[in-house]
Amino acid sequence: MVGSNSSPPRPKWRKVAYGGMQPGYDDNHTDETFLEGMVMNASVVKRDMLKVMLDSVSISEYLCIVALVVLVWTYTLSSALDENSLLLIDISLLVSGFLILLFTQDMLSLSLLLHYALNISFFIIGLYVLAPIYQTLTRSISSDSIWAVTVSLLVLHLFLHDYSESTVKAPGVLKNPALTSCISVNASVVASVFIASRLPSRLHVFAIMLFSLQVFLFAPLVTYCIKKYSFWLHLCFSISLMALTLSFVFVLHRLLFVLLLSLLVFVNLVCPYWLIRIQEYKFEINGPWDEAKLCFDITD
């Protein structure tokens, strides 16, 4: 009689994802095997100091590109560069950029380059038509305010810029640029308009706007194509660009040269060292309770 009053044994608990509550167990029940699937720091990447330093070269490269743009703006506002010299620089940049894209991209063809050339021609014509509007856009604003807003926009541009990829995508790329990259490009364009509005002539405004837009819009694409084509070519190009920028800044102002050199050393040496050191303090726990992640991309 005693045996008939005893409760039946509970079924063995099973670890199931979508089985609902199991009889005799709470919904949050776990057994002694719960922590057997725990993994410590499973996805932590062990970084190499030299590899991180080489990856940081792209950041220094773009910092030098922006510094060269600011140098051209400064020389133009001080009348050291006239509109003819600026137009010559614009043509040189445009031709060299097309040649680099032609030799580094397999998907580019002559017909596609002609299509791009036609679109750029329409863009240049529209820019020349709008040059008088840019020239008088900030006539009632003081130059100090213009420089303050311009510096703020350039800092925003550098902070939000996508240093891993190019904002202007090459042919055949399906991924669209991120929102932060678009904001970064817009900030650089507005800064260029503010600087162009302080110039005396329409041709000056057109030349400086064409130069700025070429650099901010297409220089990341060109440098990205060079990096994909050959990393060592990208490294040589970046080191040469840094040396050229530092030499120009040294001629312009010694204090700015020290600041730029310190910034490049900080980006290429100090930041990689910090990144390697803080990896020792990374603590990540993974287990079967984590959400499932797709291991492939879904494209239309």
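Student: Which residues does the UniProt annotation "transmembrane region" cover?

Tutor: The UniProt record, an unreviewed entry, puts that annotation on residues 52-73, 85-104, 116-134, 146-164, 176-197, 203-224, 231-250 and 256-276. Keep in mind that the model here is predicted.

Student: What is the chain like over residues 231-250?

Tutor: Look at the helix content, then at the distance between the ends. Residues 231-250 are 100% helix and 0% strand. Their end C-alpha atoms are 28 Å apart. Now take residues 146-164. That span is 79% helix and 0% strand, and its end C-alpha atoms lie 30 Å apart.

Student: How many helices and strands are there in the protein?

Tutor: There are ten helices and two strands. Read along the sequence, the pattern is α-β-α-α-α-α-α-α-α-α-α-β.

Student: Where does the kink in H8 lie?

Tutor: At Phe218, shortly before the proline Pro220. The kink is about 45°.

Student: Is H8 mostly covered or uncovered?

Tutor: Mostly covered. Of the 28 residues in H8, 21 are buried. For the protein, with its 300 residues, 32% count as buried.

Student: How is empty space found?

Tutor: Rolling a probe the size of a water molecule over the atoms shows where empty space is left. Here, the second largest pocket holds about 670 Å³ of space. It is lined by 21 residues, and the closest to its centre are Val66, Ala67, Val70, Leu158 and Leu263.

Student: Which elements give two or more residues to that lining?

Tutor: Helices H3 (57-77), H6 (143-160), H9 (231-252) and H10 (254-278) do. H3 gives the most, with eight residues.

Student: What classes of residue make up the lining of the second largest pocket?

Tutor: Sort them by class. The lining has 19 nonpolar residues, two polar ones and no charged ones.

Student: Let's end on one residue. Where is the place of Glu284?

Tutor: Glu284 sits in the loop between H10 and strand S2 (285-286).

Student: Why does Glu284 count as partly exposed?

Tutor: Because its relative accessible area is 22%. Buried means under 20%, and exposed means over 50%. Glu284 falls in between, so it is partly exposed.

Student: How far is Glu284 from Val39?

Tutor: Check sequence and space separately. In sequence, Glu284 and Val39 are 245 residues apart. In space, they are 8.4 Å apart, C-alpha to C-alpha.

Technical notes. Residues numbered from 1 in each chain as written. Predicted model: local features only at pLDDT ≥ 70, side-chain atom pairs only at ≥ 80, totals over all residues. Heavy atoms only, no water. Bend = angle between axes of the 7 residues up to and from the residue. Helix = DSSP H or I, 4+ residues; strand = E, 2+ residues; numbered from the N terminus. Buried < 20%, exposed > 50% of the residue type's maximum accessible area, 1.4 Å probe, protein only. 1 Å grid on protein atoms, 1.4 Å probe; cavity = no way out; pocket = protein on both sides within 12 Å on 5 of 7 lines; lining within 4 Å. Points joined across faces, edges and corners; volume = space filled by probe spheres on them. Nonpolar A, V, L, I, M, F, W, Y, C, P; charged D, E, K, R; others polar. UniProt positions renumbered as here; feature names shortened; annotations may be inferred.
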